[in-house]
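Biologist: Hi! Could you walk me through this model? I have a few questions ready.

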Amino acid sequence: MDLDTLLDQLESNGLVRRADDLDTTYIFKHALTQERAYQALLVKTRRELHARVAHAFEELYSDQGDEYAALLAEHYGQAGDDDKTVVYATRAGDVAARVYAQDEAIEYYSRAIQAALRSSNYAVLSDLYLKRGRVFELSARNRQALDNYEQMEAYARAHGDPR
């Protein structure tokens with residue numbers, strides 16, 4: 001079932017409505033309806049939609065990358081594009097770290113590390129581990145910082161990375 005057909009069915013059943021007549025934005029009457037509609041899409045279709053949304057935001061707001069980095073990281077992550085996820089999750093982590101939003105910075109750096117590992121983008125890993133470790137240190141999470149650096153060292157030894 002494609003997205004347009006699904007939205008038409010939901011609209012005819014009164015479960016969603018258009019935000020206005022000229023817009024293709026829909027408002028769900030209930031969050032559970034929204035979740036069920038999303039789950040009804042095939043994984044491949046969901047990934048394609050997330051990729052299209054990410055590309056559109058990237059083109060429309062290319063000059064405002066920091067503002068949309070978290071959103072782009074989410075959509076590229078859902079689209080399965082690990083290389084772009086690394087880029088935008090790192091950028092979102094940097095933005096969060098600059099304003100001392102430590103939990104968010106750790107989350108984005110962790111997401112970037114996982115995406116880098118999946119995509120074999122090993123060149124960025126030491127930088128990501130260092131950034132995440134620094135945020136752990138700044139938030140007085142010394143045990144987690146040490147664990148982070150131990151993971152970094154184990155990875156480096158396993159891959160012959162002297163850095």
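Biologist: Which residues does Y108 touch, not counting residues up to four places away in sequence?

Modeller: Y108 touches A70, A89, A92 and G93, where contact means heavy atoms within 4.5 Å. Before we go on, this is a predicted model in which local features need pLDDT of at least 70 and side-chain atom pairs count only at pLDDT 80 or more, while totals for chains, interfaces and linings use all residues. Residues are numbered from 1 along each chain as its sequence is written, and side-chain values use heavy atoms, with hydrogens and water left out.

Biologist: Thanks! Where does Y108 lie, and is Y108 buried or exposed?

Modeller: Y108 lies in helix 6; helices (H or I, at least four residues) and strands (E, at least two) are DSSP runs, numbered from the N terminus. Y108 counts as buried because its relative accessibility is 17%. Buried means under 20% relative accessible area, exposed over 50%, and partly exposed in between, with a 1.4 Å probe and protein chains only.

Biologist: And what separates Y108 from R91?

Modeller: They are 17 residues apart in sequence, and their C-alpha atoms are 8.4 Å apart in space.

Biologist: Let's zoom out. How many helices and strands are there?

Modeller: The protein chain has eight helices and two strands, in the order α-β-β-α-α-α-α-α-α-α along the sequence. Of its 163 residues, 34% are buried.

Biologist: What about the largest nonpolar core, which residues touch the most other members?

Modeller: Those are L72, Y88, L125 and L128, in a core of 28 residues. A nonpolar core is a set of buried Ala, Val, Leu, Ile, Met, Phe, Trp, Tyr and Cys residues joined through side-chain atoms within 4.5 Å.

Biologist: Which elements give two or more residues to this core?

Modeller: Helix 4 (65–79), helix 5 (82–98), helix 6 (102–118), helix 7 (125–138) and helix 8 (142–159) do. Helix 6 gives the largest share, eight residues.

Biologist: How do helix 6 and helix 7 pack?

Modeller: Their axes are 9 Å apart, at an angle of about 160°. That makes helix 6 roughly antiparallel to helix 7. Axes are lines fitted to C-alpha atoms, for helices over the stretch in contact, and angles run from 0 to 180 degrees between N-to-C directions. Angles under 35 degrees count as roughly parallel, over 145 as roughly antiparallel, 65 to 115 as roughly perpendicular and the rest as oblique.

Biologist: Which residues make that contact?

Modeller: Among them are A105, I106 and Y109 of helix 6, and L125, L128 and Y129 of helix 7.

Biologist: Now helix 4 and helix 5, at what angle do their axes cross?

Modeller: The axes cross at roughly 140° and come within 8 Å. That makes helix 4 oblique to helix 5. The residues that meet include L72 and Y76 in helix 4, and Y88 and V95 in helix 5.

Biologist: Last one. Is D147 buried or partly exposed?

Modeller: D147, in helix 8, counts as partly exposed because its relative accessibility is 30%. The C-alpha atoms of D147 and G133 are separated by 8.8 Å, with the two residues 14 apart along the chain.
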